[in-house]
Every structure is written in C-alpha cells, then in structure tokens.
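Please read these notes with the model open beside you.

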Amino acid sequence: MRYVIDRIEGALAVCEREDGLFSDIPLCQLPQGAREGSVLLCENGAWGLDTRAEKERRARLFEKQEGLFG
C-alpha cells in the first residue's frame, strides 16, 4: 500500500493512505530522507521511498497550480 506524508507532527508522520484514510507512523521507522510530500511503500513491514511516484505526483500538482495561477 502507498502512503503520502501529509505533515510531520513531533515524532510522527501523518500519512494519507491510498484509500483516503490517515495513519500516524513514527518517524524512526521511516527511511532517511522522508519528508512532507514523500510517497512511501510498505512491503513486508519495511518502509521505502517511491521516488518515481513522488516526482510524478509533484509534476501533476505543479501543472494544476500553473493552470490556476499561470
């Protein structure tokens, strides 16, 4: 399942799951470099960054923003 870090609150990452629900994940469990907007994958209990999905997501958001304000 994919998660997107919505925000960091103290020692927790508040993440939106693919199904639209939110989960709190301790930062100490996440890979180095995880930040707000990072796309995470959990496979066999291990967290990893999905950098390709993050780049695609950021590009879509940029295009939407350009359409609104560009």
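1. Accessible areas here come from the Shrake-Rupley method with a 1.4 Å probe, and for residues only the protein chains shown count as cover. By that method the protein chain has an accessible surface of about 5000 Å², and 49% of this belongs to carbon and sulfur atoms. The C-alpha atoms fill a box of roughly 40 × 25 × 25 Å, taken along the principal axes.

2. On the source: this is a predicted model, in which local features need pLDDT of at least 70 and side-chain atom pairs count only at pLDDT 80 or more, while totals for chains, interfaces and linings use all residues. Residues are numbered from 1 along each chain as its sequence is written, and side-chain values use heavy atoms, with hydrogens and water left out.

3. Helices (H or I, at least four residues) and strands (E, at least two) are DSSP runs, numbered from the N terminus.

4. The five strands form an open sheet in the order β3-β2-β1-β4-β5, with antiparallel pairing. Two strands are taken to pair if DSSP finds at least two bridges between them. β3 (22-26) and β5 (46-49) are at the edges with a single partner strand each, so one side of each has no neighbour in the sheet. From one strand to the next the twist averages 40°; axes are lines fitted to C-alpha atoms, for helices over the stretch in contact, and angles run from 0 to 180 degrees between N-to-C directions.

5. Strand β1 (residues 2-9) is joined to strand β2 (residues 12-17) by six bridges, and the two run antiparallel. Ile5 stands opposite Cys15 of β2. The two strands form a hairpin with two residues between them, and Gly10 in the turn has a positive phi of about 60°.

6. β2 also pairs with β3, in the antiparallel sense, over five bridges, and Val14 stands opposite Asp24 in β3. This hairpin has four residues between its strands; Gly20 in the turn has a positive phi of about 90°. The covered face of β3 carries Ser23 and Ile25, and the uncovered one Phe22, Asp24 and Pro26.

7. On its other pairing, β1 meets β4 in the antiparallel sense over three bridges. The bridge partner of Val4 in β4 is Val39. Asn44 lies in the loop between β4 and β5. Asn44 is not a glycine, yet has a positive phi of about 55°. Its relative accessible area is 87%, so Asn44 is exposed; the cut-offs are under 20% for buried, over 50% for exposed and partly exposed in between (1.4 Å probe, protein chains only).

8. What does helix α1 touch in the sheet? Helix α1 (residues 51-69) packs on the sheet and touches β1, β4 (39-43) and β5, with a direction at about 150° to that of β4. Contact means heavy atoms within 4.5 Å. Glu54 is in helix α1 and counts as buried because its relative accessibility is 8%. Apart from neighbours within four places in sequence, Glu54 is in contact with Arg35, Gly37, Ser38 and Val39.

9. The largest nonpolar core has eight residues: Tyr3, Ile5, Ala13, Cys15, Ile25, Leu30, Leu40 and Trp47. Such a core is a set of buried Ala, Val, Leu, Ile, Met, Phe, Trp, Tyr and Cys residues joined through side-chain atoms within 4.5 Å. The elements giving two or more residues to this core are β1 and β2. Leu30, leaving aside neighbours within four places in sequence, is in contact with Ile5, Ala13, Ile25, Leu40 and Trp47. Over the protein chain, buried residues make up 24% of the 70 residues.

10. A disulfide is a pair of cysteine sulfur atoms within 2.5 Å, and the structure holds zero disulfides. Cys15 counts as buried, at 0% relative accessibility, whereas Cys42 is partly exposed, with a relative accessible area of 26%.
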